[in-house]
Amino acid sequence: MIITKKICSFCNKKIENYKKLVIGYKAFICYSCIFLCNKIINNDINNIEEKKFNNETFPKPKEIKSMLDEYIIGQKQTKKIISVSIYNHYNKIFKINNSEIEISKSNILLLGETGSGKTLFAKTIAKFLNVPFAMVDATSLTEAGYVGEDVENIIYRLLQNSNFDVKKTQIGIVYIDEIDKIAKKNEGSYGRDVSGEGVQQALLKIIEGTIANVPPKGGKKFPNQEYISVDTKDILFIFGGAFNGIQTFSGTNIGFKKKSNFSNATPNDLIKYGLIPEFVGRISIISTLKSLKINNLKKIIYKPKNSILEQYKAIYMLDNIKLVFKKSAIKYVAKKAFKLKLGARGLKYILDKYFIKLTYFISDKKIEKVKINKKTLINKNMINIKYKK
Ligand SMILES: Nc1ncnc2c1ncn2[C@@H]1O[C@H](COP(=O)(O)OP(=O)(O)O)[C@@H](O)[C@H]1O
Ligand SMILES: [Mg+2]
């Protein structure tokens, strides 16, 4: 087509550089709008402003909580607990010299069913603080000498994430998921075999603080190799686990019953579950995430920055299609997701499935607007679209 107007159809700004312009049907998009859309689509939390903190500018717990509120729905108690522990942890790093009193590290354990936001908490915090972040599944770890991933590999990933800046790495955050899966097998329980305990043993040192010697290319250690030395004493460890069926001392089953204020698990409950006392001793904060109710699920669809809906709207906007998602649709999807018992994961599952069909169906049509409500979601053959004139 012949370009008559040199204005981006999205931001309305003049387009200066023609090489970086995408021409669509009666629309242009400039490079910076493409870049922005890419950001929204590619990463849920890419848009958090990256900041550099020091002891003067480090956010106070209430500021951390407000930031978390923008990305995470519900989980008020965990937000408060995390905000304060993060504040304490980094305040300590920035303000206390080595010569002064030793304040022990505040490693955190997040308990909660799948899709309740455990990983989201860890990622959001790391992104917000602009510190290196590494995520690992506890089930992939092994004791030294066995086939699998050595625990030092976790630190290797942090190093990778900070472009091998050792100083930065040393104040990073490591998230270890599925920690409940390396519980040792108690008599009559269904924990993992002996090696579960071995992995816990192997983790003890790096979570407490040690000089970890990391092979410069990751992978297994072998003799006479050169290492990168990383002090792990200020690395914050966050653990996540569902701990299905955990029994709290009070006798209530905190495993996601309908009760709204179930009690938090105690260190003793974790030991009973199969975490070794030395391991539990290195976790100072335990917070239980609530299972998400229909009301939370509704909000998760549209409210957080870069919500699922916002992302779909951005995708459709690239084709100049306006996406209208009615309240009845939000309610319907939330209710359906609630039944799946996959937490917020269920929402994405349902919506992705629907949007694949919809996007395919409209891909050969010239459309201006698509309206989605409960009826169009239920009835496979129904679609509410406005064609371009
Ligand atoms: N409380 C919440 N608020 C907003 N989004 C959430 C929440 N909980 C989960 N999600 C979303 O659901 C998905 C799965 O969440 P995740 O944090 O990976 O769950 P978990 O680690 O507890 O299994 C992610 O896309 C996440 O953004
Ligand atoms: Mg997770």
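Student: From which domains does the shell around ligand 1 draw at least three residues each?
Tutor: Keep in mind that this is a predicted model, where local features need pLDDT of at least 70, side-chain atom pairs count only at pLDDT 80 or more, and totals for chains, interfaces and linings use all residues. Residues are numbered from 1 along each chain as its sequence is written, while chains are lettered from A and ligands numbered from 1 in the order in which they are written. Domain bounds come from an automatic or database domain assignment. On those bounds, the shell takes at least three residues from each of domain 2 (61-288) and domain 3 (294-387).

Student: How many residues surround ligand 1, and which are the closest?
Tutor: A residue counts as near the ligand if its C-beta atom, placed from the backbone, lies within 6 Å of it. That gives 20 residues, and the closest are Gly117, Lys118, Thr119, Leu120 and Ala344.

Student: Which element gives the most to that shell?
Tutor: Helices (H or I, at least four residues) and strands (E, at least two) are DSSP runs, numbered from the N terminus. Two elements give two or more residues to the shell, α4 (118-129) and α13 (345-362). With three residues, the top contributor is α4.

Student: What is the make-up of the shell by class?
Tutor: Here Ala, Val, Leu, Ile, Met, Phe, Trp, Tyr, Cys and Pro count as nonpolar, Asp, Glu, Lys and Arg as charged, and the others, Gly among them, as polar. Sorted that way, the shell around ligand 1 comes to six nonpolar, ten polar and four charged residues.

Student: Is each face of β3 buried or exposed?
Tutor: Buried means 20 or more other C-beta atoms within 10 Å of a residue's own, exposed means 12 or fewer, and partly exposed is in between, with C-beta atoms placed from the backbone. In β3 (residues 108-111), Ile108 and Leu110 sit on one side, Leu109 and Leu111 on the other. Both faces are covered, and those four residues are all buried.

Student: Which residue in β9 is the bridge partner of Leu109?
Tutor: Two strands pair if DSSP finds at least two bridges between them. β3 pairs with β8 (residues 236-241) in the parallel sense over four bridges, and Ile108 stands opposite Ile238 there. Four bridges also join β3 to β9 (residues 285-288), again parallel. In β9, Leu109's partner is Ile286.

Student: Why do β10 and β12 each have one side without a neighbour in the sheet?
Tutor: The open sheet has the order β10-β11-β12, with mixed pairing. β10 (322-325) and β12 (384-387) lack a neighbour on one side because each stands at an edge, with a single partner strand.
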